[in-house]
Amino acid sequence: MPRTTRIALIGGVVGLLVLFVALGFWASTPTYTTLYTGLSPADSAAVVQALREKNIPVRTSGGGSVVEVPEARAEEARLELASKGLPKTGAPGYARLEKTPFGMTQSMEQTTLRIALEEELANTIQHLEPVESARVHITPGNDSPFADARTEPTASVVVALKPNATLTREQVRGIVHLVTHSVNGLKPEQVTVVDAEARPLWQGGDQYAVDNELLRTRREAERAYAEELRRQLQQHLDRVLGPNKSSVMVQAELDLDKEEVQAQRVEPFDPNRAAVVSETTATERLNGNPPVAGGAAGIAGNRAENPMYPAAPLGGGGIGEYNREDRVRNYEINRQVEHIIRAPGRIERLSVATLVDESVPDEALTAVRNWLETTVGVTPNQPNRIVTVQRVKFDASQAEQAAKEQQAREAAQRQALLWQLLPVILLLMVAFFLARVIGKQIRKPAPQPKALAALPGGGAVSVEGVAPAGAITDGSEHALNAVIDDEGVMLVEEVGPDGTVIVRKRRGPSVIEEELAERIRERTQPELLEIQRFADNKPEHIAALLRNWIKS
């Protein structure tokens, strides 16, 4: 290959190897994740030493307070450190009970147990996502047999939040429940929670705080309901009018009181509709002459199943009659009992205000107003539900700015992706370049003899370093061969028509090239060839011509 081709090929191979090595280092570099933050120097040193003993790569930042390990081995590192009790940052908690001195009094033991409980609660609260640190203070109660000397336990919790983090009401309530269920006899009313700036987050023992909590709960419920309704209405309006053509605002007032109603109603008596509960009927009737004699004397004759009839006078022929009728019927009272429990969340007042762009036609504006009134439930007997629709000119500058920012973010994402793919693209480009160079070298034909000159008849005088390159074949009697040996010396042979060598000369390449060029120039002039041909055919004419030239 030529020198430039060899340099390009070697440089490409070296560059490809360097790129492969760089890609290997880049691909083998692990992605680090944060294992612990906020460690003390002693804990950080112990953690780093323990991880290096297990051949786990580790690096520190933030003055040693932040420890990072490869993401693939984060769980292994946590388990390994947990088995060794690391890190030890935080209060010892119940671990301090393992080092109790001999001869501890009961009062000291109770104080140590209370401190251990406070530290355990603080460590548990610190594991919450928004909390960075916490302190818990517990005042135990006095379970005295005397009522006037008995006191209930209380607790105070101080939480320091992470930057830009907040605690929701559910999270604060969860902290309060955690503390109350960890201390025997502690009630939520006796717990106080404040943040690092001494702002109260929970004041269970303060009635104002309880009322404030109820009010905050109501406001959150109203806000959540209004936001959900606004989102649904806005979605439908965007689908009908198009995006950025309308704006909806919803305000709601909810009744969160739980109502329980018990009603009992008794209707007037109606025998035709009333139900019979019980009925007793007794009917006796006697027609004809009664018996002459009464019943037999004694207990049997006085029984109820053996009625006694008075004796009639002897010889009388009158007709006797006896009637007895008893009837008792009990009806159920027609009574209705209702037990109604109304769940909280009834709508007391609802107002929907809608702004529509001025490009919306009147027909669409009327249809939107009617649809909103139907959706909200506006009726003449519902004055607490209001819907207003107004047409204004919308400002599109914010939407355009948001679109530009979105395009900028997308461009930044594409650029970041391009930087990530840049090593692969460079690798493909280098591979394509090398493949193209090697392919050209493979497809390059074998070098042909370099012709020193060409003759009009088609012959050539050539120079080649291995074998004879050709001869002059334009019809002349002599042929000229030129061969270059390994030492760079040219051997020139002039061969006659019968194949015998007439002249053999050894010349350097430059001398022989000049001689060959001179002969070629002579033989390539057509006038000289014609004169030579004329002299061969008619030599007498040439002799006469020369004699005339000499005489003149």
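Trainee: Which strands does α5 lie across, and at about how many degrees to β7 does it run?

Mentor: General idea first: helices (H or I, at least four residues) and strands (E, at least two) are DSSP runs, numbered from the N terminus. Their axes are lines fitted to C-alpha atoms, for helices over the stretch in contact, and angles run from 0 to 180 degrees between N-to-C directions. In this structure α5 lies across β5, β6 and β7 and runs at about 50 degrees to β7. Keep in mind that this is a predicted model: local features need pLDDT of at least 70 and side-chain atom pairs count only at pLDDT 80 or more, while totals for chains, interfaces and linings use all residues. Residues are numbered from 1 along each chain as its sequence is written, and side-chain values use heavy atoms, with hydrogens and water left out.

Trainee: In what order do the strands of the four-strand sheet come?

Mentor: Strands of a sheet pair through backbone hydrogen bonds, either parallel or antiparallel. The working rule is that two strands pair if DSSP finds at least two bridges between them. Here you get an open sheet in the order β4-β5-β6-β7, with mixed pairing. β4 and β7 are the edge strands, each pairing on one side only. Ignoring direction, neighbouring strands of this sheet are turned by 10 degrees against each other on average.

Trainee: In which sense does each pair of strands run, parallel or antiparallel?

Mentor: Walk across the sheet. β4 and β5 pair in the antiparallel sense over eight bridges, and V136 stands opposite V157 in β5. β5 and β6 pair in the parallel sense over five bridges; there, A155 has V191 in β6 as its bridge partner. β6 and β7 go antiparallel over three bridges, with P200 in β7 as the bridge partner of V194. α4 packs on this sheet too, touching β4 and β5, and its direction makes about 155 degrees with that of β4.

Trainee: How many residues does the largest nonpolar core have, and which have the most contacts inside it?

Mentor: In soluble globular proteins, nonpolar side chains tend to be buried together. A nonpolar core is a set of buried Ala, Val, Leu, Ile, Met, Phe, Trp, Tyr and Cys residues joined through side-chain atoms within 4.5 Å. Buried means under 20% relative accessible area, exposed over 50%, and partly exposed in between (1.4 Å probe, protein chains only). The largest core here has 22 residues, and those with the most contacts inside it are I125, V136, I138, V157, V159, L167 and V193. At least two of its residues come from each of α4 (106-126), β4 (131-139), β5 (154-161), α5 (169-180), β6 (191-195) and β7 (200-203). Apart from it lies another core, of 18 residues, including L233, A252, L350 and V389.

Trainee: Which residues does V136 touch?

Mentor: Touching is a contact, which is heavy atoms within 4.5 Å. Leaving out residues up to four places away in sequence, V136 touches E118, L121, A122, I125, S156 and V157.

Trainee: What order do the strands of the three-strand sheet take?

Mentor: Read it as you did the other one. The order is β8-β13-β14, an open sheet with mixed pairing. Its edge strands are β8 (246-255) and β14 (385-392), each pairing on one side only. β8 runs antiparallel to β13 (residues 346-357), and 10 bridges join them. Within β13, S351 is the bridge partner of Q251. Helix α7 (residues 362-376) lies across β13 and β14, at about 160 degrees to β14.

Trainee: Why does S246 count as buried?

Mentor: Go back to the accessibility cut-offs. S246 has its place in strand β8 and counts as buried because its relative accessibility is 7%. Its contacts, not counting residues up to four places away in sequence, are Q234, L237, D238, L241, L355, V356 and F394.

Trainee: What about N287: does it count as buried or exposed?

Mentor: N287 sits in strand β10 (residues 276-288). At 57% relative accessibility, N287 counts as exposed. N287 and E321 are 34 residues apart in sequence, yet 4.6 Å apart in space, C-alpha to C-alpha.

Trainee: Which ring does the charged end of R59 sit over?

Mentor: A charge sits over a ring if NZ of Lys or CZ of Arg is within 6 Å of the ring centre and within 35 degrees of the ring normal. The charged end of R59 sits over the ring of Y32, 4.1 Å from its centre.

Trainee: And how many helices and strands are there in the protein chain?

Mentor: The chain has 11 helices and 19 strands. Of its 552 residues, 21% are buried.
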